[in-house]
Amino acid sequence: MSGERDAAPILNGFAHSLLVTEGPLLGSKDLHLLVERAESARRKLVNFLSSIGGWHAGSSLSSINIVAALYGHWIPSGSVKGIERLVVISKGHITPALYVWFAAEGLINEKELETFAEPWSMLQSHPEARRLKGLVINSSGSLGQGLSIANGIALASRIDGTHREIAVLLGDGELDEGQVWEAASTAAAHRLDNIIAVIDRNMVQHTGPTEMVKPKEPLAAKWEAFGWYAVEVPNNAAAIAATIEALSELKDKPKAMIVRSRG
Amino acid sequence: MVVIVWFNGSYRKALAEALIEAGSRNSSVVVLDADTPKSTGTLAFARKFPERFINIGISEQDLVATAAGMALAGKTPIAAAFAMFLMRAWEQVRNTIARDKLNVKLIGTHAGLSDFMDGASHQALEDIALMRTLPGFTIIAPASPAATKKLVLEATLNHEGPVYIRLGRDNAPNIHTDSDEFHIGGSKIIEDAVDVAVFSFGPMLGVAHQAVKILRKHGIQAGLVDVYTIKPIDRDTIIKQSAKANLVVCVEDHNIHGGLGSAVAEVLSEAMPRRILRIGVNDSFGASARTYQQLLEYMGLTPERIADKIRGELG
């Protein structure tokens with residue numbers, strides 16, 4: 001037995017490698033531009049959704065601002081600051097928003113969108129990480145697992161002394177999954193203050209209004225009761241980007257950012 | 001009645017030693033447990049490498065997906081839990097570890113009938129069936145403490161990719177010596193088959209070994225193979241040993257549906273059809289018992305009962 005095998009840090013080398021940038025991204029002009037980029041992507045998303053029969057249209061539309069803020073601003077601004085920032089997608093059914101954003105930003109070929117959900121396509125209906133190297137860290141589609149994955153990355157980073165921040169994109173309906181709250185306890189127990197749960201609070205889940213299926217409110221109070229900081233922001237790319245940037249400065253607890261669509 | 005005096009080993013003690021050695025030899029090794037470190041054997045690692053040990057609490061789904069995240073960040077996570085409750089997170093194992101082929105080592109302890117006192121709720125008799133269907137997963141089920149130590153180290157230090165290691169609690173047969181070699185994908189011939197070829201693994205290998213001795217007294221020459229790699233199964237050895245025999249027998253502490261008997265039947269039905277007697281838990285749950293021996297008697301899995309079944313099948 002050879003003993004010391006080379007550890008193969010999957011994150012190093014490819015995760016989000018296409019997204020890092022140089023130059024300022026923190027000014028009000030950048031935020032204004034971000035809103036324009038998000039709006040442009042939203043228009044493309046509406047067309048794309050109509051071309052695929054509206055697959056998970058509501059969730060994709062409510063998450064496009066979050067996708068824009070995380071991938072288009074938060075990750076690049078981290079690279080400017082020397083912080084490695086990673087996004088874990090927990091609600092995997094927002095691929096229309098994700099892929100349209102990647103195409104709009106030139107990270108994948110626009111023509112690739114036409115292959116969406118075809119068996120040989122890199123753009124599987126739910127993300128397959130092994131087909132999306134450099135863009136997506138984890139495969140998803142089964143709800144409730146992303147926060148645990150993010151915690152694992154954060155715990156490993158702590159052992160290694162690596163400075164990373166990990167945002168996890170969750171749906172509000174997804175919060176029905178018990179594992180989310182198992183993971184919320186884990187993050188609080190280990191004081192993982194580099195974890196940010198971004199909750200797409202669009203008020204609907206598969207069957208109907210979230211509060212009719214299984215009430216989520218008082219949502220911020222629930223996260224706080226689990227030992228987290230919780231903030232609410234309107235569903236606007238600039239607000240999301242500015243708030244999540246500010247959350248970096250909060251220490252000692254994990255942070256939940258509840259992104260509210262107009263109800 | 002044969003008194004089972006050879007069950008004097010402990011899987012969890014062997015696991016504890018293996019984890020310490022793995023942690024000493026490779027700094028990327030981290031261990032996660034779901035609030036059972038005293039029971040599984042991870043406690044020794046936790047004491048020696050506290051900075052590399054996470055007690056996730058009583059939350060197996062979180063355990064599995066947190067381990068996945070640590071693998072993504074370049075660690076070699078070993079997640080240990082009672083096999084039964086690790087199966088609670090089977091879907092997380094499938095969608096988060098198997099789909100992304102992550103380098104996570106799952107250790108299911110107290111598997112099969114080994115957790116005699118805790119009864120049906122704790123006795124994992126279905127785990128091999130569940131894990132065998134996951135693409136890219138390796139499944140290992142060592143019989144002895146010596147095999148446990150070597151195979152845990154092999155799976156952790158020299159094998160890239162997801163592995164499920166099925167362990168009993170205690171009651172491990174000391175059927176191997178420290179000089180025995182084991183490798184992933186392999187099996188070990190304990191005795192060559194003549195009239196009968198017996199395949200077994202884990203604690204039942206010790207029981208099957210005693211059954212083979214009983215058969216010999218009756219003039220029946222039975223071989224015995226330790227199928228410590230359940231997946232990828234050692235097809236060549238199974239085919240070669242079965243070719244010599246009139247009857248193939250599989251002995252396991254698992255439901256006969258989906259376990260070793262099924263795996264061997266799959267191999268032989270394609271390559272060389274043979275009559276197969278599957279001895280194990282016959283589509284039922286276990287029961288609590290005061291001793292391991294008592295549970296084996298209740299389940300009809302003592303050496304005498306196994307030998308009787310084989311003799312009955314031979315006619």
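## The interface between the chains

In this predicted model, the contact between the two chains draws 36 residues from chain A and 40 residues from chain B. Together, chain A and chain B bury about 3,100 Å² between them, and 49% of that area lies on carbon and sulfur atoms.

Polar and charged pairings also cross this boundary. Two salt bridges are found across the interface of chain A and chain B, and one pairing of this kind joins D160(A) to K75(B), whose closest N and O atoms are 2.4 Å apart. Across the interface there are also 13 residue pairs in polar contact, with both residues of each pair at pLDDT 80 or more. On the side of chain A that touches chain B, the elements that give two or more residues are α5 (146–160) and α6 (178–189) of chain A. Of these, α5(A) gives the most, with nine residues. Sorted by class, the residues on this side of chain A comprise 15 nonpolar, 14 polar and seven charged.

## A helix pair within chain B

Two packed helices are described by the angle between their axes and the distance between the axes. In chain B, helix α1 (residues 11–25) and helix α8 (residues 145–157) pack at an angle of about 35 degrees, and their axes are 8 Å apart. The crossing that α1(B) makes with α8(B) is right-handed.

On the α1(B) side, the residues that meet α8(B) include Y11(B), A14(B), L15(B), A18(B), L19(B) and A22(B), and also E17(B), E21(B) and R25(B). The residues that they meet in α8(B) include P145(B), V152(B), L153(B) and L157(B), together with T148(B), K149(B) and T156(B). Taken by class, the contact of α1(B) with α8(B) has 10 nonpolar residues, two polar residues and four charged residues.

## Backbone features in the loops

Most residues other than glycine have a negative phi, and most peptide bonds are trans. Against that background, a few places in the two chains deserve a careful look. In chain A, the peptide bond that joins E217(A) and P218(A) is cis, with omega about 0 degrees, and P218(A) lies in the loop between α7 (210–213) and α8 (219–225) of that chain. In chain B, a cis peptide bond leads from K231(B) to P232(B), with omega near -5 degrees, and P232(B) has its place in the loop between β10 (229–231) and α10 (235–244) of chain B.

A further feature concerns phi in chain A: M203(A), a residue other than glycine, has a positive phi near 75 degrees. M203(A) is found in the loop between β3 (195–201) and α7 of chain A.

Note on methods. Residues numbered from 1 in each chain as written. Chains lettered and ligands numbered in written order. Predicted model: local features only at pLDDT ≥ 70, side-chain atom pairs only at ≥ 80, totals over all residues. Heavy atoms only, no water. Contact = heavy atoms within 4.5 Å. Buried area = accessible area lost by both parts, 1.4 Å probe. Salt bridge = Lys/Arg side-chain N within 4 Å of Asp/Glu carboxyl O. Polar contact = N/O pair within 3.5 Å; in protein donor to acceptor, adjacent residues only side chain to side chain. Helix = DSSP H or I, 4+ residues; strand = E, 2+ residues; numbered from the N terminus. Nonpolar A, V, L, I, M, F, W, Y, C, P; charged D, E, K, R; others polar. Axes fitted to C-alpha atoms, helices over the stretch in contact; angles between N-to-C directions. Left-handed = near helix turned anticlockwise from the far one by under 90°.
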